[in-house]
Amino acid sequence: MTGINPYINFNGQAEAAFNFYKSVFGGEFATLSRMKEMPPSKECEISDVEKEKVMHVSLPLSNGAVLMGSDVPESYANKMTFGNNISISINAESREETNKLFNGLSDGGTVTMPLGDTFWGAYFGMFTDKFGINWMVNCDNNPK
């Protein structure tokens, strides 16, 4: 496993929040992607206003830690509420490790996004474990 990082969801304030965090921690965003970069999907249609919201932002901190986040569009099935707006994100080193962690931690929980290949070049899935903790498991297809 290459790392575990916090992932924070927002109701449209992700960009403002991360600009604030950047002003405190310093550094530059490693990634800042908007919803409009996501391929169209019948399962999740987003409005023109939502297209400008943050799909993913990452701010490297120290010692390899990364603070990550996104906005949650109103059209998503899983509505963001304070209390469920943070996940633990695991970056695995292989698909085998990703499967092991995903299957083990999600046992008895609720899968919200099954493991699969994504448009951003990763093998990825999300779930809430049997204790109510949100997890994201990611394996980059072409690690840097």
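Asp-48 is exposed, at 63% relative accessibility (buried means under 20% relative accessible area, exposed over 50% and partly exposed in between, with a 1.4 Å probe and protein chains only). The model is predicted: local features need pLDDT of at least 70 and side-chain atom pairs count only at pLDDT 80 or more, while totals for chains, interfaces and linings use all residues. Residues are numbered from 1 along each chain as its sequence is written, and side-chain values use heavy atoms, with hydrogens and water left out. The structure holds five salt bridges (a side-chain nitrogen of Lys or Arg within 4 Å of a carboxyl oxygen of Asp or Glu).

**Asp-48 and Lys-51**
- Asp-48 pairs with Lys-51 in a salt bridge, with 3.5 Å between the closest N and O atoms.
- Lys-51 is partly exposed, at 32% relative accessibility.

**Arg-34 and Glu-15**
- A salt bridge of 2.9 Å, N to O, joins the side chains of Arg-34 and Glu-15.
- This pair links distant parts of the chain, 19 residues apart: Arg-34 lies in strand S2 (residues 31-34) and Glu-15 in helix H1 (residues 14-25).
- Helices (H or I, at least four residues) and strands (E, at least two) are DSSP runs numbered from the N terminus.
- Arg-34 is buried, at 17% relative accessible area, whereas Glu-15 is partly exposed, at 32%.

**Arg-95 and Asp-117**
- Arg-95 and Asp-117 form a salt bridge whose closest N and O atoms are 2.3 Å apart.
- The pair links distant parts of the chain, with Arg-95 in helix H2 (residues 95-106) and Asp-117 in strand S6 (residues 110-117), 22 residues apart.
- Arg-95 is partly exposed, with a relative accessible area of 36%, whereas Asp-117 is exposed, at 55% relative accessibility.
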